[in-house]
Amino acid sequence: MTIAGVDDTDSDLLAAVRSGDTAAYGTLYQRHRAAARQLAFSLTRDPAEADDLVAETFARVFATLRAGRGPLAAFRAYLATTLRHVSYHRARRDRRLEFTDDLSRYDAGEPFLDPTLERLERTFAARAFQQLPARWRDVLWMTEVEGAGPAEIAPRLGLTPNAVAVLAHRAREGLRSLYLQQHVAVTDQPQCRFTGERLSGHVRGRLSPRDAVRVSAHLSGCATCRSKAAELTEVDTVRYPTYRQRHHSAPTC
Ligand SMILES: [Zn+2]
């Protein structure tokens, strides 16, 4: 067994943890605890609670990895989404302690989430996040997870606040398209391939005019692709995981 160290990528370290290298998890912890702590504090506004939340989150992720599950990459995104979930469940647990017969939470409009589906969503979200260019990932992390505003981020990226806002918008749109596209299984029908690869763009209204015409023409004649497009439209309206708002129903987010 090779010892994973500080020069390894997160993905290398994740692989090492899976294969039993506990020290590799220590490196991941050192690398990401400050960001996790910052996020935890933004959620709890209480230093002690934030520390608890970070500890519980790292422990859970560790258990998940040791069980052979969890992320292969995009550790930080996974950590953040897990932290949000832990925070949410802790808040619920606390609320349940307050109300002995708590029916109110069923009326709160919280959607029911199938755990399997949720896990799948998480995979999709992490995979989509991982595919984004590094600069987009950075700006998403800062805006959606750290909750920083354009003016705050601008000097960190060497941009004007306006350019940050534009970049963040593009990155969110990029994440959303990639995330949606994850829901479309690669088709083995050659005649459906062109449309299949562009369905998320179609749903988001972001195709070039020429591609849009070709996709629409195909959809009018192909029930399979039409139903996939309808599914995506539903995913787009119901399940899009912004790292910030969706912590009630998100992929551990
Ligand atoms: Zn088709």
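Biologist: How much accessible surface does the chain have, and what share of it belongs to carbon and sulfur atoms?
Modeller: This is a predicted model, in which local features need pLDDT of at least 70 and side-chain atom pairs pLDDT 80 or more, while totals for chains, interfaces and linings use all residues. Residues are numbered from 1 along each chain as its sequence is written, and side-chain values use heavy atoms, without hydrogens and water. The accessible surface (Shrake-Rupley, 1.4 Å probe) of the chain comes to about 13600 Å², and the share of carbon and sulfur atoms is 53%.

Biologist: What percentage of the chain is buried?
Modeller: The chain has 253 residues. Those counted as buried (under 20% relative accessible area, 1.4 Å probe, protein chains only) make up 44%.

Biologist: How many helices and strands does the chain contain?
Modeller: Helices are DSSP runs of H or I with at least four residues, and strands are E runs of at least two. From the N terminus on, the elements run α-α-α-α-α-α-α-α-α-α-α-α. The count is twelve helices and zero strands.

Biologist: Which element gives the most to the lining of the second largest pocket?
Modeller: A total of 18 residues line this pocket, with Asp10, Arg76, Phe129, Arg137 and Asp138 nearest its centre. The elements giving two or more residues to the lining are α1 (10-18), α4 (75-98), α5 (115-131) and α6 (134-145). With five residues, the largest contribution comes from α6.

Biologist: How many charged residues are in the lining of the second largest pocket?
Modeller: Asp, Glu, Lys and Arg count as charged. The lining has eight nonpolar and four polar residues, and the number of charged residues is six.

Methods
On a 1 Å grid over the protein atoms alone, a cavity is a set of points where a 1.4 Å probe fits but cannot get out, and a pocket is an open set with protein on both sides within 12 Å along at least five of seven lines; lining residues have an atom within 4 Å of a point. Buried means under 20% relative accessible area, exposed over 50%, partly exposed in between (1.4 Å probe, protein chains only).
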